[in-house]
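Hi,

Here is the structure I promised to pass on. Please have a look at it first; my notes on what turned up follow below.

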Amino acid sequence: MAFSFPKKERLNSKKLIEQVFQDGKNLKQYPLKLIYLKADLPEDVKCQVAMAVPKKRIRQAVHRNRIKRLMREAYRLNKEPIFNKIVGNYALLFLYLGKESPEYREVERAMK
């Protein structure tokens, strides 16, 4: 269970994603940017997460999807320290800022 990323932990609400972009605070660690917002989540989870890769920077869908897979995997394997320290419910959005496809190690380092 520790290394899972179930559906209830995914941020799907368009309204909440929009609110995160507008009102959220952010942290940057190249090539990732974390935008977070304290939120009332419907499920019994501490936080819900979304991954985004801008079409403007990465043109090909194949590469965008690969980057999102790398980001999800890095989050899934390193979320335990986040969950142990978190107080309250948060909506998290990870945004990729790079211009080319990264290696997994680079994404994982930024995620930590």
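Lys25 has Tyr36 of β2 as its bridge partner. That pair belongs to the contact between β1 and β2 (residues 32-38), two strands that run antiparallel and are joined by 5 bridges. Before going further, please keep in mind that this is a predicted model.

Stepping back to the whole sheet: it is open, with 4 strands in the order β1-β2-β4-β3 and mixed pairing. The edges are taken by β1 (25-29) and β3 (47-52); each has a single partner strand, so one side of each is left without a neighbour in the sheet. On average, neighbouring strands are turned by 20° against each other, direction ignored.

At the β3 end, the pairing with β4 is parallel and spans 6 bridges. How much of β3 is buried? The count is 5 of its 6 residues, so β3 is largely enclosed by the rest of the structure, even though β3 stands at an edge of the sheet.

Helix α3 (residues 104-111) lies across β1, β2 and β4 (90-96), and runs at about 35° to β2.

Best wishes

Note on methods
Residues are numbered from 1 along each chain as its sequence is written. This is a predicted model: local features need pLDDT of at least 70, side-chain atom pairs count only at pLDDT 80 or more; totals for chains, interfaces and linings use all residues. Side-chain values use heavy atoms; hydrogens and water are left out. Two strands pair if DSSP finds at least two bridges between them. Axes are lines fitted to C-alpha atoms, for helices over the stretch in contact, and angles run from 0 to 180 degrees between N-to-C directions. Contact means heavy atoms within 4.5 Å. Buried means under 20% relative accessible area, exposed over 50%, partly exposed in between (1.4 Å probe, protein chains only).
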